[in-house]
Amino acid sequence: MNERLSSIEPITATLAANASKLDLGDVPREAITVAKQCCLDWLGVTLAARAEPLADMLAATAAENGGHPDCTLIGRGTKASLAQA
């Protein structure tokens, strides 16, 4: 691996470190509103798409791959592994 690339801290670790230092009081109210709207949008799209053929194929693949069924597949009531969910 390129020496320069190997010395760069992984982006996930950087994001996690920054998020752990975040104080909600420092976040603008507008940003919190947008974040809430994004979560609701994601949930709405997820529930609306639960009957799509691709969602059926993905759920079937998750079931075939097995693993530890710890996480509920939203809108289905079945469970899959964390990675599959």
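Which residues are exposed on the other side of α4? They are Pro 53, Leu 54, Met 57 and Glu 64, where exposed means over 50% relative accessible area, buried under 20% and partly exposed in between (1.4 Å probe, protein chains only).

**View 1. Overall fold of the predicted model.** The protein has 4 helices and 2 strands, in the order α-α-α-α-β-β from the N terminus. Helices (H or I, at least four residues) and strands (E, at least two) are DSSP runs, numbered from the N terminus. Of the 85 residues in the protein, 8% are buried. Contact means heavy atoms within 4.5 Å; among contacts between residues at least 6 apart in sequence, 19% join residues at least 24 apart. This is a predicted model, in which local features need pLDDT of at least 70 and side-chain atom pairs count only at pLDDT 80 or more, while totals for chains, interfaces and linings use all residues. Residues are numbered from 1 along each chain as its sequence is written, and side-chain values use heavy atoms, with hydrogens and water left out.

**View 2. Helix α4 and its buried face.** Helix α4 covers residues 53–65, and its end C-alpha atoms lie 19 Å apart, which agrees with the 18 Å that its 13 residues should span at 1.5 Å a residue. The expected span is 1.5 Å times one less than the number of residues. Ala 55, Ala 59 and Ala 62 are buried in α4. Seen down the helix axis, the buried residues of α4 fall within an arc of 60 degrees, so they line one face of the helix; the arc is that of the directions from the axis to the C-beta atoms. These buried residues pack against β2 (79–80).

View 3. Gly 66 lies in the loop between α4 and β1 (71–72) and takes a positive phi of about 65 degrees. Gly 66 is partly exposed, with a relative accessible area of 31%. The C-alpha atoms of Gly 66 and Gln 84 are separated by 9.1 Å, although the two are 18 residues apart along the chain.

**View 4. The largest pocket.** The largest pocket has a volume of about 380 Å³. Of the 17 residues that line the largest pocket, the closest to its centre are Thr 46, Ala 55, Leu 73, Ile 74 and Ala 85. A pocket is an open set of points on a 1 Å grid over the protein atoms alone, where a 1.4 Å probe fits, with protein on both sides within 12 Å along at least five of seven lines; lining residues have an atom within 4 Å of a point. α4 gives the most to this lining, with 5 residues.

Conventions:
Grid points are joined across faces, edges and corners, and a volume is the space filled by probe spheres set on the points.
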